[in-house]
Amino acid sequence: MLELITEQNVWDNLKESDLPVVLYGMGLGAEKIMATLDGYGIAVADIFASDAFVRGHSFKGYKVLKYREVCEKYEDFNVVLCFASHLDTVIDNIRSIDSAHTVYAPDVPVAGGGIFTREYIAENEDKFDFVYQHLADDESRRIYRDILNYKVSGKIQYLLSSFADKDAIYRDILKLNTNENIIDLGAYDGDTIAEFLEATGGAYDYITALEPDEKNFKKLLKNTEELFDITCLNMGAWDKKDTLIFDTQAGRNSRLSAKGKSVDVIDVDALELSPTFIKMDIEGAEMKALCGLETTIKKYAPKLYICAYHRNEDLFALPTKVLELNPAYKIYFRHSKYIPAWESNFYCVV
């Protein structure tokens, strides 16, 4: 596997470059990246934001500039992207900036710790190679290589060349039909339920949706109130029945936290459902959810849609667990439109 990773670590490239490092974006992503840059001894020269967000304010002691102001200040510079987006207009703007000044989008884990580097791949080479060898098609292997090279290098070209058509995934890989019994883990406001129904022409057998965040759950209820044969549960998926603390400020990305609100979680096996399709986008709890689904997966072999970008180890640990539960699964890997590598997912079918 390591011989397929041709790139050097983004942090090393930034440190060795003579060009100033300018951050694009603010917020939690910028804070995480600034901390990592500081750990590598890399100085931040300036911060800029999209024009609509620049109002003469400061972030972490830096006056937030417009891109035009940065271009006037420096002849050349490296841009470090500090936010995520799937919007065409934003991605087109990032492409435009990259055509003039190199844009890096460093990968920092959504959950868990550690940085994704060449050294991390080397330490886990056998695990990555196992997954690579068990992927179901050439396109999965190509995208898997590209995402690994992206995660090491931060180079956005690897993402731009890997965007998959979600409709094609539903049609050609998952092959959703009109009689699906769906479990949606991390249902948010029902956005992916809407995707499923579009793919099936609105037909299905039953939907069970779990969402732990109270605000998101209210949106889920509102957005699905006209659907029939659906059960929405204000709880999270885990490997056992428990009560955990979730961050109440996380918005879409509700996740475990040291402080926040108590939320019930459950092993989905305990619900005694008979699904044909399970989606899980649960902010780093995917492995816990799989462990709480062992009986269900072994018995029914449902189609699986598993997000694999929250923790560094997700790219090898999740598909390995699926194959342990049922070696007959065919594992596909796709990356839907997003910068950075959010929406890199495994799709598993028997």
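Modeller: Let's begin with Asn345, which lies in strand β17. Strands (E, at least two residues) and helices (H or I, at least four) are DSSP runs, numbered from the N terminus. Bear in mind that the model is predicted: local features need pLDDT of at least 70 and side-chain atom pairs pLDDT 80 or more, while totals for chains, interfaces and linings use all residues. Residues are numbered from 1 along each chain as its sequence is written, and side-chain values use heavy atoms, with hydrogens and water left out.

Colleague: Why does Asn345 count as buried?

Modeller: We use relative accessible area with a 1.4 Å probe and protein chains only: under 20% is buried, over 50% is exposed, and in between is partly exposed. Asn345 comes out at 0%, so it's buried.

Colleague: What makes the link between the side chains of Asn345 and Glu343 a polar contact?

Modeller: You need a pair of N or O atoms within 3.5 Å; within protein, one must be able to donate a hydrogen and the other to accept it, and residues adjacent in sequence count only if both atoms are side-chain atoms. These two side chains are joined at 3.2 Å. Plain contact just asks for heavy atoms within 4.5 Å. Skipping neighbours within four places in sequence, the contacts of Asn345 include Tyr305, Tyr332, Phe333 and Arg334.

**Rings**

Colleague: Phe333 again! Why is its aromatic pair with Phe346 called tilted?

Modeller: Rings of Phe, Tyr and Trp (its six-membered ring) pair if their centres lie within 6.5 Å; planes under 30 degrees apart are stacked, over 60 edge-to-face, and the rest tilted. By this rule there are 20 aromatic pairs. Phe333 and Phe346 have 5.0 Å centre to centre and 50° between their planes, which makes the pair tilted. Phe333 sits in strand β16 (residues 330–336) and Phe346 in β17 (residues 344–349), so the pair ties together parts 13 residues apart in sequence. Both of these Phe residues are buried.

Colleague: And how do you know what to call Tyr338 with Trp342?

Modeller: Their ring centres are 5.7 Å apart with planes at 40°, so this pair is tilted too. Tyr338 is buried at 17%, whereas Trp342, at 26%, is partly exposed. There's also an aromatic cluster made of Tyr24, Phe48, Tyr67, Tyr74, Phe77 and Phe83.

**Charges**

Colleague: What makes Asp107 and Lys151 a salt bridge?

Modeller: A side-chain nitrogen of Lys or Arg has to be within 4 Å of a carboxyl oxygen of Asp or Glu. That gives 18 salt bridges. Asp107 and Lys151 meet at 3.0 Å, N to O. Asp107 is in the loop between β6 and α5 (118–123) and Lys151 in helix α7 (residues 138–153), so they tie together parts 44 residues apart in sequence. Asp107 is buried at 8%, and Lys151 is buried at 4%.

Colleague: Why is Lys151 also said to lie over the face of Phe116?

Modeller: A charge sits over a ring if NZ of Lys or CZ of Arg is within 6 Å of the ring centre and within 35 degrees of the ring normal. Lys151 lies 5.3 Å from the ring centre of Phe116.

Colleague: How far apart in helix α7 are Arg141 and Asp138?

Modeller: Three residues, which is about one helical turn. Their salt bridge is 2.6 Å, N to O, and Asp138 is exposed at 57%. Now take Asp184 and Lys279, whose side chains form a salt bridge of 2.8 Å. This one links distant parts of the chain, 95 residues apart: Asp184 in strand β8 (residues 181–185) and Lys279 in strand β14 (residues 277–280). Asp184 is buried at 0%, and Lys279 is buried at 2%.

**A sheet**

Colleague: What makes β1 and β2 a pair of strands?

Modeller: Two strands pair if DSSP finds at least two bridges between them. Strands β1 (residues 21–24) and β2 (residues 46–49) have three bridges and run parallel, with Val22 opposite Asp46. They belong to an open, mixed sheet of six strands, ordered β3-β4-β2-β1-β5-β6. Its edges are β3 (58–59) and β6 (103–104), each pairing on one side only.
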